[in-house]
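Dear colleague,

Here is the structure I said I would pass on. My notes on it follow below.

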Amino acid sequence: MEWEIVIGLEVHVQLATKSKLFSGASTRFGAAPNTQACAVDLAMPGTLPVPNEEAFRHAVMFGLAMNAEIGRRSVFERKNYFYPDLPKGYQTTQLAQPIVGPGEIEIHLEDGSSKKVRLHHAHLEEDAGKSLHETIFETHGHGMSGIDLNRAGTPLIEIVSEPDMRSAAEAVAYLKKIHSIVTYLGISDGDMSQGSMRCDANVSVRLKGEEKLGTRAEIKNINSFRFVEKAIVVEAQRQIDLIEDGGSVVQETRLYDSDKNETRSMRSKEVANDYRYFPCPDLLPVELSEDYVETVRSRLPELPDAKYARFQSEYSLSAYDADQLTQERAVADYFETVAKESGEPKLAANWVMGELAALLNREELPIERSPVSAEQLAGLIARITDNTISSKIAKQVFEAMAAGEGDADAVIEKRGLKQVSDTGAIEKMVDEVIAASPAQVENYRKAEEAKRPKMMGYFVGQIMKASKGQANPQMINKILKEKLDALL
Amino acid sequence: MHQLTIAEIIRGLRDRQFSSVEITGHLLGRIEQLDGNYNSFITVTPEQALQQAAAADERLTAGGAPALCGVPLAHKDIFCTEGVRTSCGSKMLDNFTPPYDATVVENFNNAGAVTLGKTNMDEFAMGSSNETSYYGPVKNPWNTNCVPGGSSGGSAAAVAAQLAPGATATDTGGSIRQPAALTNTTGLKPTYGRVSRWGMIAFASSLDQGGPIARNAEDAAYLLSAMAGHDPKDSTSLYRPVPDYTAGLNGDIAGLRIGVPAEYFSDDLNPQVAARVQDALKEYEKLGAQLVEVSLPHTHLAVPAYYVIAPAEASANLSRFDGVRYGHRCEDPRDLRDLYMRSRGEGFGEEVQRRILVGTYALSAGYYDAYYNKAQQVRRLIKQDFVQAFEKVDVIMGPTTPSPAFALGEKKADPVAMYLEDIYTIAANLAGLPGMSLPCGLVNNLPVGLQIIGNYLDEARMLNVAHRYQQVTDWHKASAA
Amino acid sequence: MAVDTQTVEKLAELARIAISEETIDEVGNRLGEVLQLVDQLQAVSTEGVAPMAHPLDEVQVLRADEITESNRREEFLALAPQSEGGLYLVPKVID
């Protein structure tokens with residue numbers, strides 16, 4: 001039997017507004033508990049919400065980037081349930097009339113192919129606070145949870161896809177695409193480790209060719225790209241095993257345990273969910289004019305797809321390179337600075353995806369905090385193209401730059417790594433090597449003409465060794481050939 | 001001194017006939033002496049009141065003080081007052097002292113008005129008799145065996161008993177107008193959105209509206225002028241200029257077209273109440289107004305629609321009272337669920353619990369369309385009735401309540417009978433229209449209220465219409481005391 | 001008609017209100033009376049009538065994205081039944 005996995009994702013993205021969705025409290029991450037929870041966020045009696053214009057602008061930008069319909073009239077509703085991190089006892093969200101309607105994006109897969117994924121809708125809503133379970137409280141011992149409401153009321157967009165993905169890899173590609181769109185737009189930092197972007201995956205399986213969708217399980221709150229992939233793989237396998245053993249999948253919410261690499265049922269959350277949505281009477285319908293939407297559209301930055309196409313045409317990059325370099329706006333910007341300043345886009349791409357990526361990976365740094373700036377890397381590439389140093393030496397210089405020894409010129413100067421291109425000095429080294437290698441010279445002389453170029457390698461190696469790698473290879477080749485041929 | 005109206009106090013303070021400290025002290029003394037009979041206050045704030053009065057006297061001496069500077073008032077205990085316990089008539093908030101003021105309170109404070117204390121009310125404004133208060137029922141100063149109406153029964157009784165010349169109140173289905181009618185006071189529920197709801201503890205957000213209860217229309221005009229206006233903290237407050245409501249009080253009303261809906265004079269109406277209302281309409285004819293028959297055919301559906309919409313909104317509005325951040329918390333909760341269940345079971349009274357359960361039912365899966373959605377559709381039909389009527393008339397008049405004040409305990413055990421107290425007032429809340437009640441006679445020495453329903457934002461005209469009536473009649477001057 | 005015990009219990013659970021065994025029948029009876037009152041709505045045709053959530057046809061005014069609130073944690077925490085270390089305390093939340 002051949003199985004097909006069907007995946008839909010619900011992605012929550014925290015918007016990078018200064019203040020909350022319905023109050024003037026700060027959204028800054030990492031403040032002391034409850035210092036950024038104002039009367040509205042705490043649901044003090046008599047307080048009322050007033051929505052943040054910037055959150056709407058962000059949501060509209062997102063909708064436009066997703067080629068989606070914009071809800072020119074959107075309505076907030078109340079989703080009722082009790083939980084200590086939800087002060088009002090309801091979440092203010094959108095249901096029937098969301099700010100972003102159906103849309104579609106293209107995802108790029110590893111094998112170079114592309115695929116469309118449909119957006120069901122995206123809506124604005126408020127985040128909840130946090131429950132802290134680990135702390136032991138002096139006055140009350142354990143058995144208590146602490147509630148921090150700093151995050152309560154932070155604006156989110158919840159992005160709901162259609163069940164269009166057919167593998168964990170497609171789901172990850174979609175998630176990365178969403179990540180790249182929101183960070184390009186500057187509407188979120190997209191930081192999954194801080195919870196700025198969170199993902200729920202609806203996973204079901206069906207026999208290939210079957211049209212009806214299987215029963216789905218929802219995996220909640222997956223907090224990294226890697227875990228999304230692993231969670232989907234293990235959940236799909238669990239469902240397939242279950243069905244093949246004669247069982248059936250139950251519609252439920254599950255949690256991914258990354259330590260055990262398994263999903264497990266969250267039964268406690270299943271008790272009698274009846275959210276009793278109804279339009280929030282404290283808020284009026286939000287109407288956005290055509291002008292407003294068009295103004296936002298006219299100010300959109302260049303988006304990943306457009307950049308992906310332009311990098312291929314303008315810099316002659318391969319589709320793969322263009323995709324790699326455009327996934328993150330900061331990487332694209334970095335690359336483009338290096339390419340422009342050095343005038344060598346191909347070298348720039350190789351360096352950014354090669355040495356730089358390795359460095360950042362090793363140091364676990366985002367490109368924004370790269371120890372080597374784009375300007376510095378462009379300076380290094382310039383020294384390669386003007387033959388001041390070889391590519392091999394350049395790697396050494398790059399490491400020194402990463403260690404904070406200054407820009408390329410300073411490192412080359414300080415370490416004396418400048419390529420030797422002085423004819424006299426190279427002639428001297430060639431002469432010395434020829435004099436010290438009579439047997440190899442004899443072999444060269446006797447050899448057939450066609451084999452001679454290959455035999456030059458020995459001499460070149462010796463000369464490079466003598467010059468500590470700094471002699472200009474083209475000049476060595478030229479002078480060596482002249483001198484050896486003179487001995488024939 | 002306690003017999004003075006707000007207009008008279010304003011003049012007296014400026015003419016140096018008395019100081020704010022003097023009249024404030026006098027009223028505090030009266031409250032101390034008499035309120036045991038009425039239970040109209042939950043909290044009295046003598047020290048703060050005298051400090052505010054002293055500060056007001058200084059402002060008055062300096063000159064240029066706002067009209068209400070130095071005027072002592074009472075606030076319904078639904079309005080948050082910084083540093084003063086705000087209970088909303090509930091055990092749930094018995095220990096709640098907000099660190100912020102309602103916008104309405106802030107407006108009065110800025111105007112230099114003096115707060116005597118916080119008035120009793122039905123718990124979370126849910127009731128029409130003031131018997132659901134955690135602090136015990138309020139008694140009608142006209143007959144202490146009778147209810148004063150509700151939910152703003154404390155405010156109405158305090159004004160009727162001359163413990164305060166005026167008070168703030170709120171009206172979700174008649175909670176200003178019905179107690180005003182039952183206590184011979186003048187009460188006005190403004191157009192929805194005219195007065196900020198910030199800091200006014202929510203019952204049903206799309207229906208709640210703050211307004212004044214006073215001894216006459218002129219005083220109500222002074223109070224409304226201070227209360228009304230756009231508030232950036234309330235998304236539903238209207239962004240419209242506020243007229244000086246006292247300016248047009250004396251305008252001629254000859255030619256005024258008064259709509260009289262047949263539906264407001266049905267069999268439910270006590271015939272003696274009907275007679276008093278008819279007398280008032282005749283008085284208006286003498287003033288040159290013309291009576292026009294209008295029809296509000298969906299009137300009978302107002303109470304059913306209201307008892308879906310208001311409980312539905314309340315069921316969510318009252319979820320915040322969960323024993324976590326403020327308010328009542330049960331002893332030694334076993335677990336989280338127990339904390340919620342018992343804190344809310346203990347903190348809310350029977351009527352509040354009932355409405356939360358009704359609202360929960362109306363919104364729950366499978367019932368939403370039949371109840372909540374249906375009620376919101378009927379609400380539009382009710383509004384359309386009024387919109388059509390106001391094409392032909394300037395104001396609509398009828399009784400405020402079907403009968404005069406009833407005995408304490410009479411309807412307490414029968415919620416539906418209690419709900420029908422508001423058959424004539426609820427429609428204005430559903431439609432968002434301004435409504436008013438003013439004294440128009442007595443039946444068995446109990447007051448009867450004439451209701452005026454105005455068009456949107458037409459409060460100035462309503463006050464003018466009421467004031468002209470009060471210039472040619474004395475019903476509003478009749479005193480319980 | 002009275003609302004049955006099972007329904008009352010379900011509503012009480014959704015609304016998180018403890019109702020004692022002794023009063024549950026009474027609560028059901030009263031709820032039934034209220035529902036009978038509101039059932040009058042079913043008699044009228046509302047086909048094609050748009051539901052009206054707000055009495056006035058106003059639209060929302062949006063607020064500029066500015067931080068207007070400062071830290072008032074101690075004032076608010078002072079109102080809490082139980083708190084420690086800047087946190088509100090509740091019986092352990094189990095996921």
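**Where the chains meet**

The contact between the two chains draws 25 residues from chain A and 33 residues from chain B. On the side of chain A that touches chain B, 17 residues are nonpolar, three are polar and five are charged. Please keep in mind that this is a predicted model.

**The annotated site in chain B**

An unreviewed UniProt entry gives the feature "active site" at B:Lys76, B:Ser151 and B:Ser175. These residues span 100 residues in sequence, but no two of their C-alpha atoms are more than 11.2 Å apart, so they gather at one spot.

I looked at two of these positions in turn.

B:Lys76 lies in strand E2 of chain B, which covers residues 72-76. Is B:Lys76 buried or exposed? There are 33 other C-beta atoms within 10 Å of B:Lys76, and 20 or more count as buried, so this lysine is buried. Leaving out residues up to four places away in sequence, B:Lys76 touches several residues, including B:Thr119, B:Met121, B:Ser152 and B:Thr170.

B:Ser175 sits in the loop of chain B between strand E4 (166-171) and helix H6 (177-183). B:Ser175 has 37 C-beta neighbours inside 10 Å and therefore counts as buried under the cut-off of 20 or more. With residues up to four places away in sequence again left out, B:Ser175 touches B:Ala125, B:Gly150, B:Ser151, B:Ser152, B:Ala169 and B:Thr170.

Regards

Notes. Residues numbered from 1 in each chain as written. Chains lettered and ligands numbered in written order. Predicted model: local features only at pLDDT ≥ 70, side-chain atom pairs only at ≥ 80, totals over all residues. UniProt positions renumbered as here; feature names shortened; annotations may be inferred. Helix = DSSP H or I, 4+ residues; strand = E, 2+ residues; numbered from the N terminus. Buried ≥ 20, exposed ≤ 12 C-beta atoms within 10 Å, placed from the backbone. Contact = placed C-beta atoms within 7 Å. Nonpolar A, V, L, I, M, F, W, Y, C, P; charged D, E, K, R; others polar.
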